[in-house]
Amino acid sequence: MRTRISAALDDVVLQCDTRTRRHAFKDAPGAFNGLQLANGGRVTKIGAAVDAGVIPFQKAVAAGVDFLIVHHGMYWDMPRALTGAAYRRVATLVTGNCALYASHLPLDGHPEIGNNALLAKQLGSTRRRPFLVRDGEAVGCIADTRLSRASLRRKLEKLYPRVVAIECGSARPTSVAFCSGSGNSAVPELVSAGTDTLITGELREEWFNRAQEDKLNLYCCGHYATEVHAVQALAAELAEKFQLSWEFIATENPL
Ligand SMILES: [Zn+2]
């Protein structure tokens with residue numbers, strides 16, 4: 001029997017830690033970036049998913065994935081008893097010999113494979129400056145744009161299945177801010193950052209009034225939908241480096 005090509009789990013984890021600059025980011029209190037669950041020590045197939053969850057874990061195991069990268073990991077409020085769904089998540093991974101690697105803010109802010117850099121690239125923006133600097137690291141970015149607001153919106157509506165557009169700002173914005181996932185922390189920083197246009201995942205209801213008051217364009221393209229990019233980019237890079245296959249484990253998360 002031919003043995004499958006595999007890589008050492010430790011090597012794959014080290015590559016993820018280095019490439020994402022895991023230690024540079026503080027992240028939310030209770031969040032934990034890095035290897036959240038080990039497997040037997042070898043990796044033969046890499047998976048990428050946005051969220052930790054019983055269903056994505058079952059899908060990953062069924063697809064033969066034994067190293068799964070997620071953007072939203074299992075731990076946000078440690079310590080947590082491994083009962084109910086939390087137990088089923090871990091049991092699915094352990095039974096399936098699937099390691100779990102989580103990377104949250106490092107995969108939003110990365111200048112090449114981060115969600116925001118890739119969102120900007122989708123719109124043809126390459127020259128970027130930092131936005132939403134937290135503990136010395138930029139989580140978001142701002143890019144110059146030549147797109148009118150109307151063509152920006154058309155592009156987004158082609159790229160994303162559900163776009164909520166609040167258009168109270170300039171019809172010809174000169175720059176666009178990017179904040180994947182939740183953009184609630186980004187809206188109050190737009191004016192001081194010198195831009196009136198934000199592309200994000202989701203926003204709270206109250207920001208509609210702020211958009212009118214501050215004359216902002218706010219585009220919500222889905223929390224999940226704006227955060228599929230970085231896990232895919234990291235998985236593809238790892239697969240290439242270690243000569244393994246990889247697969248995106250999609251879910252039907254409409255939010
Ligand atoms: Zn998120």
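## Helices, sheet and domains in a predicted model

Colleague: Is helix α5 mostly covered or mostly uncovered, and how many of its eight residues are buried?

Modeller: A residue is called buried here if 20 or more other C-beta atoms lie within 10 Å of its own, and in α5 the residues that qualify are N115, N116, A117, L118, L119 and A120. What covers them includes α4, β7, β8, β10, β11 and α8. Helix α5, spanning residues 115-122, is thus mostly covered, and its buried residues number six.

Colleague: Which residue just after α5 takes a positive phi?

Modeller: The helix itself covers residues 115-122. Just after α5 there is a residue with a phi of about 80 degrees, and that residue is G124.

Colleague: Which element gives the largest share of the side of domain 1 that touches domain 2?

Modeller: The domain assignment gives domain 1 as 7-104 + 228-246 and domain 2 as 108-226, with 27 Å between their centres, taken over C-alpha atoms. The contact takes 11 residues from domain 1 and 11 residues from domain 2. On the side of domain 1, these residues divide into seven nonpolar, two polar and two charged, and the largest share, five residues, comes from α8.

Colleague: In what order do the five strands of the open sheet lie?

Modeller: The edge strands, each pairing on one side only, are β2 (34-37) and β13 (245-248). The twist averages 25 degrees from one strand to the next, and α8 packs on the sheet by touching β4, β5 and β13, its direction making about 170 degrees with that of β4. The pairing is mixed, and the order is β2-β6-β5-β4-β13.

Colleague: Which residue in β6 stands opposite V70?

Modeller: Strands of a sheet pair through backbone hydrogen bonds, either parallel or antiparallel. Strand β5 (residues 67-72) and strand β6 (residues 99-102) run parallel and are joined by four bridges. The residue that stands opposite V70 is A102.

Colleague: How are α2 and α3 oriented, roughly parallel or roughly perpendicular?

Modeller: The axes of α2 (residues 54-62) and α3 (residues 84-95) come within 9 Å and cross at roughly 10 degrees. In their contact, V54, F57, Q58 and V61 of α2 meet A85, R88, R89, T92 and L93 of α3, which by class gives five nonpolar, two polar and two charged residues. Because angles under 35 degrees count as roughly parallel, the crossing makes α2 and α3 roughly parallel.

Colleague: Is L9 buried or partly exposed?

Modeller: L9 lies in helix α1 (residues 9-20) and, leaving aside its neighbours within four places in sequence, is in contact with A38, N39, G41, R42, V43, F67 and A99. The count of other C-beta atoms within 10 Å of L9 is 19, whereas 20 or more would be needed for a buried residue and 12 or fewer for an exposed one. L9 is therefore partly exposed.

Definitions and conventions: Residues are numbered from 1 along each chain as its sequence is written. This is a predicted model: local features need pLDDT of at least 70, side-chain atom pairs count only at pLDDT 80 or more; totals for chains, interfaces and linings use all residues. Helices (H or I, at least four residues) and strands (E, at least two) are DSSP runs, numbered from the N terminus. Two residues are in contact if their C-beta atoms, placed from the backbone, lie within 7 Å. Domain bounds come from an automatic or database domain assignment. Ala, Val, Leu, Ile, Met, Phe, Trp, Tyr, Cys and Pro count as nonpolar, Asp, Glu, Lys and Arg as charged, and the others, Gly among them, as polar. Two strands pair if DSSP finds at least two bridges between them. Axes are lines fitted to C-alpha atoms, for helices over the stretch in contact, and angles run from 0 to 180 degrees between N-to-C directions. Angles under 35 degrees count as roughly parallel, over 145 as roughly antiparallel, 65 to 115 as roughly perpendicular and the rest as oblique.
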